[in-house]
Amino acid sequence: MEANRFDVSTVEGYTRATAHLAGRMEELSSGSQALNLADLSSMLRENVRKIRNDRFNISVIGEFKRGKSTIINALLGAEICPADRLPATAALNRVVYGESPAVVVHFKDGKSEEVDMDHLRAYVTKLDEASRGMAETVSEVVVRYPLSYCKNNVDIIDTPGLNDEDTMTEITLSMLPKTDAALFVLMATSPFSETERDFLVNKMIASDLGRVIFVVNAIDVLDEDEARDVLEFIAGRIQEMVVGKAKRLYGADSEEYQKFLRAIGKPRVVGISARNALRGKLRNNPSLVEESNFSELERSIEYTLTQERGGIALYTYLGRMQSAVDTMLGAIEMRRRQFSADKDVFQKKYDEGVAVLEELKKKRDRELENVDVSAKNACQELLPRIQEYIDELKKSVTAALEGVKLSKDDLSKENKEATSKRLIGIVEDVSKNCSVEYVQRLQSAIEKCTSTEITRLEGFEGEFLSKLSGIEMSLTTKDPGNTVLSTAIDVAMGMGGGIPGIGAAYLGYRQAGIKGLLLGGGVGGLTAAASFYALNSLIAAAGIALGGPIVIAGTAIVYLFAGKMAMKAVNKFLQPDMSAKFIAKFRDSVLERLTSNEVRREQEKRLKEAVYGAFDGIKERLLSETERMMNSTKATLDAIASDMEGNEEERKETEELFAQVEQSAGEVRKEIAELRGLLAPAGKGEEL
Ligand SMILES: Nc1nc2c(ncn2[C@@H]2O[C@H](COP(=O)(O)OP(=O)(O)OP(=O)(O)O)[C@@H](O)[C@H]2O)c(=O)[nH]1
Ligand SMILES: [Mg+2]
């Protein structure tokens, strides 16, 4: 085993390492199958599938004409995405690896069609009327191309510019939660437009910010000093906006605010010239590439993908493998010790063991019910937030409409529709901003509730693991005749920490704590950084689940009055009336709508879905992890019973199987330690 066999600091190395782990997991899966540990075996197979389907997503977002498509082409070293001086990209364009070039267009109506590479422009751009109309019917275009950059399961997504149309912003926002790294592209020549500021401060959800790399493009138009000043200015502005936003949202003294600061840390800002990088790469001119500073961006992307996003996944996979190895070796230990044991003594232990398992199952089921109670309490606790949200909305709508003045002309018959649209647009804007804030506050409140629940479950976890360890100890102590299960359990319960060699299979879980159990499962010796990461990944995962429905809730509110009702309201009052009177009436109809039972009920439904969704996640993990551990113990008890019935030859075969499993488990252990060593020193939890 030579050192540095693994390198997880590059996407290529990371992909190689995870592919290797998948192979190892397959090996462990067959081993555990042979040991009669069916649940463990299928868990491992499931993880193999996960690893093999794992992909990295990089999305490039920003206002229109920032050089997004050019950046992608520079990354790829090929002109794949159409770029132009005019607003170009009009649909999501996903670039993935393929042996031979192909373009598949997915339409909004669910159909898809393969088209010629030369016709890509016609589907993803709005450079002429025909393609603009076409792009509107497209949901996503997938370009397959033999690009080395994409070979390691890296997908790159080109997005339409933000400023251009509202729907473009929606498309971009919907992308973010599914993205591993997002490049937010700004232009060195016009740092921070109003749209960019608005997107960052009002539209983006705080939890998405941690994945963003800010790219300042076109530094080639500035000299060195200017470029440095611009980068410094932009970094300062971002910090100010983002931190200011979090302060407003959570309050400067809050725990959430501190967590937010740790999670996003210092915004990453990289200045580049995408044009020079692309030219340099196409013309084989390394000094032009060097001048473009593009490699700093490439390194930053690689770090985000492998160390941050990949680090979380690796910790989880390694934890799963560790717990599998511990369980398998524990099972072998028990079986070996009982080979020549007294049948009657074993039978007694078997019966006691089964009784303990039954008792644990009941306790676990009660615990699952308790989680439901906690979910219900969390809902009760959070329901008042809806009223706060609606009050906030009412205040903002009122304030926004106060600033509007309508002329006689606005109120004329011909302009009726345009005016009503304008007013609705104003209401839509403020309510979207309010909704995003509400979602973030709620998301963070739900996280707080689930994290309290996870801490509460630690009591049950301690008892559960000790009792399982007790069963194992009663079967592995040197003098099997004297150790009855009840004493073994007492000893195990008193141990608290971990006595090496005893109850190894379960003490692995104990180290990880219930958090590890719920997040990755049996991750022994988690560092602070890792648990921070793991916790964040749960939050991120929950964020996707939670973010969805509530964000929609926010917009649903908008649509409730932006739709027919508001139109009706506008039409009803649209007489050559006084501007103020007219707006007051419009406002009142909106406010009335906002306070309606229908809106409140809809919001309550969404909130409950989000809360129960988060708590159900805990329940699922608790159920599947405890079930697997109990089933493994029961399976081993049965295997021992069957070992005792076996003849000499069968026993020899079993011994061979044990030796084989021990051999591969030993290798896996070394590899786990090696890979953990590569991840741990980064200690990123603190910096983040
Ligand atoms: N000077 C300079 N111009 C650049 C650079 N990168 C892109 N451009 C130019 O900026 C224009 C827009 O580039 P695109 O890549 O199409 O920008 P985009 O953000 O994808 O635009 P949309 O798809 O319309 O939102 C093109 O004319 C590019 O040549 C750069 O690094 N320096
Ligand atoms: Mg573009």
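A: On a 1 Å grid over the protein atoms alone, a pocket is an open set of points with protein on both sides within 12 Å along at least five of seven lines, whereas in a cavity a 1.4 Å probe fits but cannot get out; lining residues have an atom within 4 Å of a point. This is a predicted model, where local features need pLDDT of at least 70 and side-chain atom pairs count only at pLDDT 80 or more, while totals for chains, interfaces and linings use all residues. Residues are numbered from 1 along each chain as its sequence is written, chains are lettered from A and ligands numbered from 1 in the order in which they are written, and side-chain values use heavy atoms, leaving out hydrogens and water.

Q: Thanks! What volume does the second largest pocket have?

A: Rolling a probe the size of a water molecule over the atoms shows where empty space is left. A volume is the space filled by probe spheres set on the grid points, which are joined across faces, edges and corners. Here, the second largest pocket comes to about 750 Å³. Its lining has 36 residues, and the closest to the pocket centre are Gly67, Thr70, Ala83, Asp84 and Arg85.

Q: Which element gives the most to the lining of that second largest pocket, and how do its residues divide?

A: Elements are DSSP runs numbered from the N terminus: helices (H or I) have at least four residues and strands (E) at least two. Helices H3 and H11 (274-282) each give two or more residues to this lining, and H11 gives the most, with five. For residue classes, Ala, Val, Leu, Ile, Met, Phe, Trp, Tyr, Cys and Pro count as nonpolar, Asp, Glu, Lys and Arg as charged, and the others, Gly among them, as polar. The lining has 14 nonpolar, nine polar and 13 charged residues.

Q: Which residues are the protein donors of the magnesium ion?

A: Donors are N, O and S atoms within 2.8 Å of the metal (3.2 Å for Na, K and Ca), and sites may look incomplete because water is not among the atoms. For magnesium (ligand 2), they are Ser69 through OG and Thr89 through OG1, at 2.0 to 2.1 Å. Ser69 sits in H3 (residues 68-76) and Thr89 in the loop between H3 and strand E2 (93-97), so the two tie together parts 20 residues apart in sequence.

Q: Are Ser69 and Thr89 buried or exposed?

A: Buried means under 20% relative accessible area, exposed over 50%, and partly exposed in between (1.4 Å probe, protein chains only). Ser69 is buried at 6%, and Thr89 is buried at 10%.

Q: Which strands pair with E7?

A: Two strands pair if DSSP finds at least two bridges between them. Strand E1 (residues 56-62) pairs with E7 in the parallel sense over five bridges, with Ile58 partnered by Ala181. E7 also pairs in the parallel sense with E8 (residues 212-217), over six bridges, and Ala182 has Val212 as its partner. Seven of the seven residues of E7 (181-187) are buried.

Q: With which residues is Met187 in contact, leaving aside its neighbours within four places in sequence?

A: Contact means heavy atoms within 4.5 Å. Met187 touches Lys65, Arg66, Val216, Asn217 and Ala218 on that basis, and it is buried at 18%.
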